[in-house]
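Here's a walk through a single chain, from its overall layout down to a few individual residues. Keep the model open and follow along.

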Amino acid sequence: NTVTASALVEWLGYTFGVMDVVARYYKVYKVKTIGDAYFAISGPSCLIEDDNLNAQGGATLRMLHFASDCAQIFSGVYRHPDSEACVKAMAEQSAFVAADGRPRNRHLSLSSAFLVKCASGGSRFKCPMRYGISVGPVTMGVLPGERPLFDVWGKTVNLASRMESSSEPMMVQCSESAHQA
């Protein structure tokens with residue numbers, strides 16, 4: 001362990017913040033974070049009100065682009081012919097970054113410049129992450145209590161989790177159902 005607890009929390013904050021920006025760009029919905037895991041879904045029409053985005057494997061393709069871009073950004077090898085413009089566009093469409101590139105939320109110091117720095121490999125925040133994608137039915141709901149929590153359950157969620165845990169670093173592993181979609 002060479003990382004202090006505060007440095008780890010800072011790194012996770014930046015990591016999840018950048019993933020939020022990319023998720024918003026691809027219209028992927030973050031369900032929650034679980035420790036160092038980012039749990040997101042794509043496709044439920046109750047969360048994304050554009051039928052064109054959900055038709056004919058569109059939700060699967062958006063999730064694949066999301067995972068692929070995140071894998072590249074956090075490995076420092078973002079491969080896009082115009083990565084700087086692409087990442088700035090992601091940031092500008094985000095709820096966290098204003099059109100002028102400055103953070104909207106003073107507690108989350110994300111900016112388009114930070115994202116470009118991540119994408120170009122200039123950030124010290126690098127991690128060879130793993131991703132798992134599966135397609136199928138899920139059950140969604142809000143767990144009541146002192147702190148109500150939206151969550152998603154089902155075999156599809158469990159399979160995506162297994163895909164992630166058995167994936168090679170910097171790889172997106174898809175189930176057969178995702179491959180067919």
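Helices (H or I, at least four residues) and strands (E, at least two) are taken here as DSSP runs, numbered from the N terminus. Read that way, the chain goes α-β-β-α-α-α-α-β-β-β-α-β-α, with 7 helices and 6 strands. Before going further, note that this is a predicted model, where local features need pLDDT of at least 70, side-chain atom pairs count only at pLDDT 80 or more, and totals for chains, interfaces and linings use all residues. Residues are numbered from 1 along each chain as its sequence is written, and side-chain values use heavy atoms, with hydrogens and water left out.

The chain has 181 residues, and 40% of them are buried; buried means under 20% relative accessible area, exposed means over 50%, and partly exposed is in between (1.4 Å probe, protein chains only).

Now for a pair of helices. Two packed helices are described by the angle between their axes and the distance between the axes. Helix α1 (residues 5-26) and helix α3 (residues 58-75) have axes that come within 10 Å and cross at roughly 145°. Axes here are lines fitted to C-alpha atoms, for helices over the stretch in contact, and angles run from 0 to 180 degrees between N-to-C directions. The crossing of α1 and α3 is right-handed; a crossing gets that label if the near helix is turned clockwise from the far one by less than a right angle, and is left-handed if anticlockwise. On the α1 side, T15, V18, M19, V22, A23 and Y26 make the contact, and on the α3 side it's R62, H65, F66, D69, C70, I73 and F74.

Is T15 buried or exposed? T15, which sits in helix α1, is buried, because its relative accessible area is 1%. Setting aside neighbours within four places in sequence, T15 is in contact with F74 and M129.

Next, the charged pairs. How many salt bridges does the structure hold? There are 3, where a salt bridge is a side-chain nitrogen of Lys or Arg within 4 Å of a carboxyl oxygen of Asp or Glu. In one of them, D20 pairs with K30, with the closest N and O atoms 3.2 Å apart. D20 is in helix α1 and K30 in strand β1 (residues 29-34), so this pair ties together parts that are 10 residues apart in sequence. D20 is buried at 16% relative accessible area, whereas K30 counts as partly exposed at 30%.

D151 forms a salt bridge with K32, the closest N and O atoms being 2.8 Å apart. This pair links distant parts of the chain, with D151 in strand β5 and K32 in strand β1, 119 residues apart. D151 counts as buried, because its relative accessibility is 7%.

The side chains of E164 and R130 also meet in a salt bridge, at 3.0 Å from N to O. E164 belongs to helix α6 (residues 155-165) and R130 to the loop between α5 (112-119) and β3 (131-133), so to speak a link between distant parts of the chain, 34 residues apart. E164 is partly exposed at 27% relative accessibility, and R130 is partly exposed at 35%.Back on strand β5 (residues 149-153), look at L149, which is partly exposed with a relative accessible area of 34%. Together with L143 and W153, L149 makes a nonpolar surface patch of about 230 Å². Patches are made of residues with over 30% relative accessible area and no salt bridge, with like charges joined within 9 Å and nonpolar side chains (Val, Leu, Ile, Met, Phe, Trp, Tyr) within 5 Å.

Finally, stop at P44, in the loop between β2 (37-41) and α2 (51-54). P44 is buried at 18% relative accessible area. P44 and M140 are 96 residues apart in sequence, with their C-alpha atoms 9.6 Å apart in space.

Technical notes:
Areas by Shrake-Rupley, 256 points an atom, 1.4 Å probe, with all protein chains shown as cover. Contact = heavy atoms within 4.5 Å.
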